[in-house]
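I opened the model to look up a few points on charge pairs, domains and surface. My notes follow in the order I took them.

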Amino acid sequence: MAEFKRVGVCGAGLMGAGIAQVSATAGFETVVYEVDKGALDKGMARIHASLDKFVEKGALPAAEREATLGRLEQTTNLEDLKRSDLVIEAIVENMPAKKELFRKLDALLAPPAVICSNTSSLCVIEMAAVTKRPKQIAGLHFFNPVPIMKLVEVVKTIVTDQATIDALFAFSVKLGKKPVLAQDTPGFIVNRILVPYLLYAIRMYEAGLATKEDIDEGMKLGCGHPMGPLQLLDFVGLDTTYYIAQIMFDEFKDPLMAPPPLLKRMVLAGHYGKKSGKGFYDYPS
Ligand code: NAD
């Protein structure tokens, strides 16, 4: 089984920055790539702030913070990913952009290298199909915030080979994560269950069956969830949930996956949740 040594991360947004951070903290030589210097600086600032928080809480020795940063390279030149034996793509959730990047990475990387996508909802085999190494392409789906959340879904397409899956399981364990095996179907494991649940909470609220506070309290106190579904929707982003629900509904035509009218209207109004200052609840800046 191949062991990864040098890890490339494409995109230093919310997820990419977190993935680069945990990879470097776990001892991997890590290079993070962005489209421009502004985005790269923003991503690096996020990594610095997160590492500082770990040090403040006593969860990371200060020397480890320095060692982590020492293992982290940053670039706006894709060529600098050339020596990577694993590249994790965490750019925008847009299939043409992902396919273009996969094509370039396939041409750049050595034949044994593995390429993964952190996509939440897109079809991994569609990215694999534009490369000459489809057996070495998989999904590696992290959860937000990456440095805190334990789970990684390792997503096997219908052609990913077992050696790639085994190597990604071993890599995830080295990051201190718990990998689970998922198939290349919309929602993988977690969102396949979570999204219909969240949409059902919106339907209950929309129908006036309970207040938003009671729906959230009900699921927190009755089921032991750390957050109620409407709070969680605000945290994840209503726009993101709407987008994923549409993809899941398109594929399965299951009415439980259809975005409720209220969700569509809130997204059209720009009520995306915490990130826009307003969702089911208000978030004064
Ligand atoms: P984001 O918008 O925070 O970050 C995306 C970054 O990618 C931006 O910094 C952008 O500059 C960069 N980018 C765009 N095109 C690029 C390219 N061609 N090359 C390099 N960088 C490029 O998005 P995010 O929330 O970090 O999501 C990234 C991916 O992770 C998406 O596929 C998303 O579905 C997935 N994901 C998101 C979450 C979440 O909770 N946000 C959870 C799991 C998976």
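How many residues apart in helix α8 are Lys220 and Glu217? I find them three residues apart, and therefore separated by about one helical turn. Helices and strands here are DSSP runs numbered from the N terminus (helices H or I, at least four residues; strands E, at least two).

Basis of the entries. I am working from a predicted model, where local features need pLDDT of at least 70 and side-chain atom pairs count only at pLDDT 80 or more, while totals for chains, interfaces and linings use all residues. Residues are numbered from 1 along each chain as its sequence is written, and side-chain values use heavy atoms, with hydrogens and water left out.

Entry: charge pairs. Side chains of opposite charge can pair when their charged atoms come close. I count a salt bridge when a side-chain nitrogen of Lys or Arg is within 4 Å of a carboxyl oxygen of Asp or Glu. Lys220 and Glu217 meet this rule at 3.4 Å, N to O. I use buried for under 20% relative accessible area, exposed for over 50%, and partly exposed for in between (1.4 Å probe, protein chains only). Lys220 is partly exposed because its relative accessible area is 22%, and Glu217 is partly exposed at 36%. Elsewhere, I noted that salt bridges with shared partners join Arg6, Glu29, Glu73 and Arg83 into one network. My search of the whole structure gave 16 salt bridges.

Entry: Lys98. I found a salt bridge from Lys98 to Glu89, with the closest N and O atoms 2.5 Å apart. Both Lys98 and Glu89 are buried. Lys98 has 1% relative accessibility, so it counts as buried. Lys98 also forms a salt bridge with Glu93 (3.6 Å, N to O). Glu93 is at 25% relative accessibility and therefore counts as partly exposed.

Entry: domains. By an automatic or database domain assignment, the chain is divided into domain 1 (6–183) and domain 2 (195–275). Their centres, taken over C-alpha atoms, are separated by 28 Å. Taking contact as heavy atoms within 4.5 Å, I see five residues of domain 1 in contact with four of domain 2. Buried area is the accessible area (1.4 Å probe) that two parts lose on being put together, summed over both. The two domains bury about 360 Å² between them, 67% of it on carbon and sulfur atoms. On the domain 1 side, Glu93, Ser121 and Asn144 lose the most area, together 68% of what that side buries.

Entry: Met95. I placed Met95 in helix α4 (residues 95–108). Met95 counts as buried because its relative accessibility is 10%. Beyond its neighbours within four places in sequence, Met95 is in contact with Leu122, Cys123, Glu126 and Met127. Val124 is 29 residues from Met95 in sequence, and 9.7 Å away in space, C-alpha to C-alpha.

Entry: helix α9. In α9 (residues 229–236), I list Pro229, Leu230, Leu232, Leu233 and Asp234 as buried. Their cover includes α7, α8 and α10 (238–252). Just after α9, Gly237 takes a positive phi of about 110°.

Entry: Leu209. I located Leu209 in the loop between α7 (190–206) and α8 (212–223). Leu209 is exposed because its relative accessible area is 62%.
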